[in-house]
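My notes follow in the order of looking.

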Amino acid sequence: MAIVVIRQDNKLDAWIKALMAKAPDIHIYSYLEEHPKEEITMACVWKQPADTLKLYPKLRCIASFGAGVDFIFKDHSVPKHIPITRVVDPVLASDMSEFVLALILSFFKNLNSYKTDQLEKVWFPQEYKRISDVTVGIMGMGALGEKLAEDLIKNRFKVIGWATSPKVVPEVEVFAGNSEKDTFLSRSNILVCLLPLTPETTGILNKILFQELPKQSYVINVARGGHLVDEDLLEYIDNGHLAGAGLDVFHQEPLPVEHPFWKHPKIHITPHVASVSDIESVIPQLLENYRRLTEKLPLMNIVSREKGY
Ligand code: NDP
Ligand code: OXD
């Protein structure tokens, strides 16, 4: 039994080093080195190259290094019978919540546009907005959405949520399913997307949805670029219906230099950093699942292949 670590970014070595330090008795390989493929039972992955996962005949668990698993489902070479797990971590959730809170406050305290004014030496006080003036609508009331809701409530925001199934979340009205989507949208002055990317949610942030939002709403997408129809967002900001957007995720990352989002004064861009898996906090759950695999116990945080998240 052994683990292979597969990720194409510059964090490959750091994760392997940290895993080895915490589990010196487990064989842990980088996918880039020569390794015995028939020994591998667990693959820890982040945006693996297509066709890599089918190389391991004894694979029994594919563990995402992040909360999202869309990149695993997108790779059609991934064997269908192998359980897929994901990260569910309080640090990831509180990091996301802090980030979204910062985006919300920068928007409605006008900090984004004052920064643009500063660069042009423009002195132009804008209408003052308070927390009591806005309702935040969270699309996706899962591990991250619920934590965000809790923190926003602590900060005196009115919060509503949307999920596939009904939920009871203290002080938050949660709408469920497509039949309640429009009511949810009509009350969201700030819309935060924290949905998983699935066939049902691809392109969900489009002009039909924007039209349902109150005028001058602000859209925050910290989930996946595939949720957003880029042209529709530009159209709805430029026609004045939306006040702007905070975007952390994009169809293509890094965002291509010629993309119109870069220079749009009402779009605030960050490079997919809203919440990043913390090595110290995530490694124990990866190793715990490896232990469970070894002892043939049920794995934690398995995603549903049927639902795609
Ligand atoms: P969860 O799986 O815990 O929660 C997903 C939520 O979305 C659930 O409430 C689910 O409803 C709801 N949902 C799913 N499909 C639909 C649908 N069709 N209609 C309505 N609601 C739906 O995910 P997490 O909260 O852990 O993570 C969310 C996403 O955030 C990840 O998939 C990832 O893409 C993104 N992410 C982005 C990061 C960044 O840095 N930008 C960092 C980490 C994650 P129900 O509860 O009823 O099943
Ligand atoms: C994740 C991410 O899914 O960082 O965890 O995007």
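Strands pair here if DSSP finds at least two bridges between them. Strands (E, at least two residues) and helices (H or I, at least four) are DSSP runs, numbered from the N terminus. I noted two facing pairs: Ile62 stands opposite Ile84, and Thr85 is the bridge partner of Ala63.

The model is predicted: local features need pLDDT of at least 70, side-chain atom pairs count only at pLDDT 80 or more, and totals for chains, interfaces and linings use all residues. Residues are numbered from 1 along each chain as its sequence is written, chains are lettered from A and ligands numbered from 1 in the order in which they are written, and side-chain values use heavy atoms, with hydrogens and water left out.

I then checked the other neighbour of β4: strand β3 (residues 40-46) pairs with β4 in the parallel sense over four bridges. Val45 stands opposite Ser64 there.

Are the faces of β4 (residues 61-64) buried or exposed? Cys61 and Ala63 on one side, and Ile62 and Ser64 on the other, are all buried (under 20% relative accessible area; exposed is over 50%, partly exposed in between; 1.4 Å probe, protein chains only).

I wrote down the sheet order as β2-β1-β3-β4-β5, an open sheet of five strands with parallel pairing. β2 (28-30) and β5 stand at the edges with a single partner strand each, so one side of each is left without a neighbour in the sheet.

Last, I looked at a helix: α9 (residues 279-294) packs on the sheet, touching β1, β3, β4 and β5 (contact means heavy atoms within 4.5 Å). The direction of α9 makes about 155° with that of β3; axes are lines fitted to C-alpha atoms, for helices over the stretch in contact, and angles run from 0 to 180 degrees between N-to-C directions.
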